[in-house]
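Colleague: I would like a close look at a single part of this model. Please take it slowly and then show me what surrounds it.

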Amino acid sequence: MAEMGSKGVTAGKIASNVQKKLTRAQEKVLQKLGKADETKDEQFEQCVQNFNKQLTEGTRLQKDLRTYLASVKAMHEASKKLNECLQEVYEPDWPGRDEANKIAENNDLLWLDYHQKLVDQALLTMDTYLGQFPDIKSRIAKRGRKLVDYDSARHHYESLQTAKKKDEAKIAKAEEELIKAQKVFEEMNVDLQEELPSLWNSRVGFYVNTFQSIAGLEENFHKEMSKLNESLNDVLVSLEKQHGSNTFTVKAQPRKKTKLLSRLLRKKNSDNAPAKGNKSPSPPPDGSPAATPEIRVNHEPEPPSSATAGASLPKSPSQSSLPAVVVETFSATVNGTVEGGSGAGRLDMPPGFMFKVQAQHDYVATDTDELQLKAGDVVLVIPFQNPEEQDEGWLMGVKESDWNQHKELEKCRGVFPENFTERVQ
């Protein structure tokens, strides 16, 4: 009997809920059609809008905070791998090996501590803050349903009162249901009217505390990390002092093409040496620039020998492979081809001037067609007469001081490594 009674109560409750849903649906339709008035509360609606805005902002903050934590974890892993690499390359006989390992351990612990404190003081607080929203959101929705029930009961009561044939029993029952619906609605409405403004105002303090915690934790983390970095720097400075002779220096990119000067010198030596059966290079075509160069050694003009004049000059790594001490280039080509470049018409600049660079490091020339550079030297860059002769990573130019003094391109120009300079104009 108890089971049947229980089932009966359950069935009755289900039927009652179904009836309420139908009544609410009918009431909403009538309100939308304008056939029934709807109780409005603009102040409460504003509170609901604020609530939804606050929920959206909080959800975004929670998402971004989780992204931040994921980034901290990724940085921790990257830092850990970097320190592991340092430990692997740090040779046993190098000074400071133990100190470097200890710094790496402290670095790892510092990242772990930072991540955990962010979770405890920011993320968990964020989760607690957002944890109250689902319940309030559910109560707002329930309050909306109870408002529809109240309006429906009110309309039913009013319709019975205005009916031609009044049924006092039905009117009394309708009044009783109206009072009950009004009481339920007002109880929920009063509670939310108090809670929503309070929750809205609490957002300021929450945001302040959250971001203060994050900022404070990040500040302390970077302070401690700075100390570790200083200690690591001291260890590496000690290592550098002991192995200072092996300091890495900037090097020019290797020139792959054979130097024209070297080949000319080898050719001259082979002409003066006993014949070994080597074939002489084929003479260049008539009228070619290489057929009639004027060779100068140690600034003393020397008429080209028949063997040299008729020899085919091999391609040089740059058009300036014939510097002032070796070759005077062809004025016809300079005046015709080079002056047609970006520097044409600039009387204060060498023919074909393109732009200026400044040496960032000293460069010691390794061949006579190269420029000797000191840090700070300004070089006027000019094009190669034959682009195919330019080595990768090398430029042709003349030092500005030499050009201003001599105004003779053939005596001053040479090639230099581009990575030793920086463009300034």
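Is strand β5 (residues 378-382) largely enclosed by the rest of the structure or exposed, and why?

Modeller: This is a predicted model, so read every value as computed. Strand β5 is largely enclosed by the rest of the structure, because four of its five residues are buried. Buried here means under 20% relative accessible area.

Now the neighbours of the strand. On one pairing, β5 meets strand β4 (residues 355-359) in the antiparallel sense, over four bridges. Within that pairing, V378 of β5 is the bridge partner of Q358. Strand β5 also pairs with strand β6 (residues 394-399), again antiparallel and over four bridges. There, I382 stands opposite M396 of β6. So β5 has pairing partners in both β4 and β6, and its burial goes with four of its five residues.

For contrast, turn to the helices. Helix α2 (residues 42-89) and helix α3 (residues 97-131) have axes that come within 10 Å and cross at roughly 170°. That angle makes α2 roughly antiparallel to α3, since the cut-off for this is over 145 degrees. The contact of α2 with α3 holds 18 nonpolar, 11 polar and six charged residues.

Charged pairs come next. Side chains of opposite charge can pair when their charged atoms come close. The model has 14 salt bridges in total. One of them joins E57 to K53, with the closest N and O atoms 2.5 Å apart. Both residues lie in helix α2, four residues apart, about one turn of the helix. E57 counts as partly exposed at 29% relative accessibility. K53 is partly exposed too, at 42%.

Helix α5 (residues 168-242) supplies another pair, K223 and E219, four residues and about one helical turn apart. Their side chains meet in a salt bridge at 3.6 Å, N to O. K223 is partly exposed at 46% relative accessibility, and E219 is partly exposed at 44%.

A further salt bridge links E224 with K227, the closest N and O atoms being 3.7 Å apart. These two are three residues apart in helix α5, so about one helical turn separates them. E224 is partly exposed at 38% relative accessibility. K227 is exposed, with a relative accessible area of 51%. Elsewhere, salt bridges with shared partners join D135, R139 and E195 into one network.

Back to your strand: β5 is largely enclosed, and it pairs with β4 and with β6.

How values were computed:
Residues numbered from 1 in each chain as written. Predicted model: local features only at pLDDT ≥ 70, side-chain atom pairs only at ≥ 80, totals over all residues. Heavy atoms only, no water. Buried < 20%, exposed > 50% of the residue type's maximum accessible area, 1.4 Å probe, protein only. Pairing = 2+ DSSP bridges. Axes fitted to C-alpha atoms, helices over the stretch in contact; angles between N-to-C directions. Parallel < 35°, antiparallel > 145°, perpendicular 65-115°, else oblique. Nonpolar A, V, L, I, M, F, W, Y, C, P; charged D, E, K, R; others polar. Salt bridge = Lys/Arg side-chain N within 4 Å of Asp/Glu carboxyl O.
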